[in-house]
Amino acid sequence: MQNIEEYYKKYGPMVYHRCLEVLKNEDEATDAMQDVFAKLMTIAEKIRHPSTYLYRTATHVCLNLIRKQKNHLSMDVDSVVYNIASSEDLEKNLLLKDKLHSLFQGEKKTTRVIAFMRYIDKMSLRDIADEMDMSISGIKKRLRNIKDKYQKMELEYEEN
C-alpha cells in the first residue's frame with residue numbers, strides 16, 4: 001500500500017481527527033492534515049507502520065503550528081474574544097496555562113508530546129514508546145520527572 005491516495009483514503013480521517021483534537025479549528029486541522037500527507041510523500045516507500053508514522057507526524061505538525069502561532073502572536077481579536085467569552089472561569093484557565101508553561105519550561109519538546117499522549121489521548125506506555133521510538137523505561141522516567149516537578153510546584157504554590 002505505497003500509493004499516497006490509498007494512504008489518504010485509509011488514514012485521512014484518523015489524521016484529520018488528530019489534528020482537529022489538537023488544534024480545535026477545522027480549517028487549521030485540514031491544512032495540518034495536508035502537511036502531514038505532504039511529508040509522507042517524501043518517505044512513503046520507507047514506512048513500515050503508516051498509522052504510527054501519520055499519527056506521530058500529525059501530533060508534531062500541530063504542536064509546531066501552535067508553537068509558531070504563539071511565537072508570532074498572530075491570534076486575532078475575534079479568537080481572543082471568543083476564548084474569553086467561552087471560558088467559564090478565565091482566572092482558573094489562566095492559572096492552569098501558567099502552570100503548564102512552568103511545568104514544561106526547560107523540558108525537551110518531546111516530553112510535552114509524551115504527556116499529551118498519556119494524559120489526553122490515554123495511550124498505553126507501550127504505544128507511546130512505539131510512537132516516540134523510545135523505551136518504556138524512558139517514557140516512565142519522563143512522566144515521573146514531570147509528576148515530581150508538578151508536585152514541587154504545587155507545594156510551592158500552597159506555601160505562598
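The model is predicted, so local features need pLDDT of at least 70, side-chain atom pairs count only at pLDDT 80 or more, and totals for chains, interfaces and linings use all residues. Residues are numbered from 1 along each chain as its sequence is written, and side-chain values use heavy atoms, with hydrogens and water left out.

Start with the aromatic rings. A search of the whole structure turns up two aromatic pairs. In the pair of Tyr 7 and Tyr 11, the ring centres are 6.2 Å apart and the planes stand at 35°, so this pair is tilted. Rings of Phe, Tyr and Trp (its six-membered ring) pair if their centres lie within 6.5 Å; planes under 30 degrees apart are stacked, over 60 edge-to-face, and the rest tilted. Both tyrosines, Tyr 7 and Tyr 11, sit in helix H1 (residues 4-23), four residues apart, about one turn of the helix. Helices (H or I, at least four residues) are DSSP runs, numbered from the N terminus, as are strands (E, at least two). Tyr 7 is buried, at 3% relative accessible area. Tyr 11 also counts as buried, at 13%. Here buried means under 20% relative accessible area, exposed over 50%, and partly exposed in between (1.4 Å probe, protein chains only).

The rings of Tyr 8 and Phe 37 have their centres 4.9 Å apart and their planes at 65°, so they meet edge-to-face. Tyr 8 belongs to helix H1 and Phe 37 to helix H2 (residues 26-43), so the pair ties together parts 29 residues apart in sequence. Tyr 8 is partly exposed at 40% relative accessibility. Phe 37 is buried at 4%.

Now turn to charge. Side chains of opposite charge can pair when their charged atoms come close. The structure holds four salt bridges. In each, a side-chain nitrogen of Lys or Arg lies within 4 Å of a carboxyl oxygen of Asp or Glu. One of them joins Glu 5 to Lys 9, with the closest N and O atoms 3.5 Å apart. Glu 5 and Lys 9 are both in helix H1, four residues apart, about one turn of the helix. Lys 9 is exposed, with a relative accessible area of 61%.

Helix H1 also holds Glu 21 and Arg 18, three residues apart. They form a salt bridge, their closest N and O atoms 2.9 Å apart. Glu 21 is partly exposed at 32%. Arg 18 is buried at 1%.

Lys 149 and Glu 107 meet in another salt bridge, at 3.4 Å from N to O. This pair links distant parts of the chain, 42 residues apart: Lys 149 is in helix H8 (residues 136-159), while Glu 107 is in the loop between helix H5 (90-104) and helix H6 (109-120). Lys 149 is partly exposed at 23%. Glu 107 is partly exposed at 29%.

Like charges can also gather. Glu 26, Asp 27, Asp 31 and Asp 35 form a patch of negative charge on the surface. Patch residues have over 30% relative accessible area and no salt bridge; like charges are joined within 9 Å, and nonpolar side chains (Val, Leu, Ile, Met, Phe, Trp, Tyr) within 5 Å. Glu 26 is in helix H2. Glu 26 is exposed at 55%.

Glu 45 lies between H2 and helix H3 (50-72). Glu 45 is exposed at 53%. Glu 45 and Ile 4 are 41 residues apart in sequence and 9.9 Å apart in space, C-alpha to C-alpha.

Technical notes. Accessible areas come from the Shrake-Rupley method with a 1.4 Å probe; for residues, only the protein chains shown count as cover. Lys and Arg count as positive and Asp and Glu as negative; His and the chain ends are not counted. The place of a charge is taken as NZ of Lys, CZ of Arg, CG of Asp or CD of Glu.
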